[in-house]
Amino acid sequence: MNRLKYIYWITPLFILLSCGRMLCGLLGTGWLMALVLLPFILLTWGIVWMRLYGMNKLRPEFAILSILPQSVYFVAKGTGTTLLHQAEWQNLYAMSWIAFAVIIILSLRPGDKTDTKTALSKDHIFIMMSILTVVYAFTTMGAYAAEICYP
């Protein structure tokens, strides 16, 4: 999968998965939320997996890290667990967001045979999307952690 097609597919999915508070308000926190969100979570995982598989630079199994933090949020909201109120689990949750950002940034590197071959320091798409990925990861992590710990 070339990089622009990957970006066009993955951007709306991540925006949808970052609307957790609104989705939980609309769908509730029960089975309806799980039935609606599970296909989008699996689609996101599949697209990242296909990109990593096509690049041959990073193992595609790391694609699970691209959906882990959002999935933890929806599971925590659906079950009403207070596990993430403990410092150890909050640190693990923050590390999962950092791993998410690293995997997405590494998947944005040119690696497909149809991608343009330029140095990363001159690749404007990579630089812009990396900055947006870091901003997305930290703002969504903060919003989700605040929503889990202080509902």
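This is a predicted model: local features need pLDDT of at least 70, side-chain atom pairs count only at pLDDT 80 or more; totals for chains, interfaces and linings use all residues.
Residues are numbered from 1 along each chain as its sequence is written, and side-chain values use heavy atoms, with hydrogens and water left out.

A search of the whole structure finds 11 aromatic pairs, where rings of Phe, Tyr and Trp (its six-membered ring) pair if their centres lie within 6.5 Å, and planes under 30 degrees apart count as stacked, over 60 as edge-to-face and the rest as tilted. One of these is the edge-to-face pair of Phe14 and Phe100, at 5.2 Å centre to centre with 85° between the planes. This pair links distant parts of the chain, since Phe14 sits in helix 1 (residues 3-17) and Phe100 in helix 5 (residues 87-107), 86 residues apart; helices here are DSSP runs of H or I, at least four residues, numbered from the N terminus.

Phe14 counts as buried, at 7% relative accessibility, and Phe100 is buried at 1%, where buried means under 20% relative accessible area, exposed over 50% and partly exposed in between, with a 1.4 Å probe and protein chains only. Phe100 also pairs with Trp97, and because their ring centres are 5.4 Å apart with the planes at 75°, that pair is edge-to-face.

Finally, Ser96, also found in helix 5, is buried at 9% relative accessibility and, leaving aside neighbours within four places in sequence, is in contact (heavy atoms within 4.5 Å) with Leu68 and Pro69.

Methods. Helices (H or I, at least four residues) and strands (E, at least two) are DSSP runs, numbered from the N terminus.
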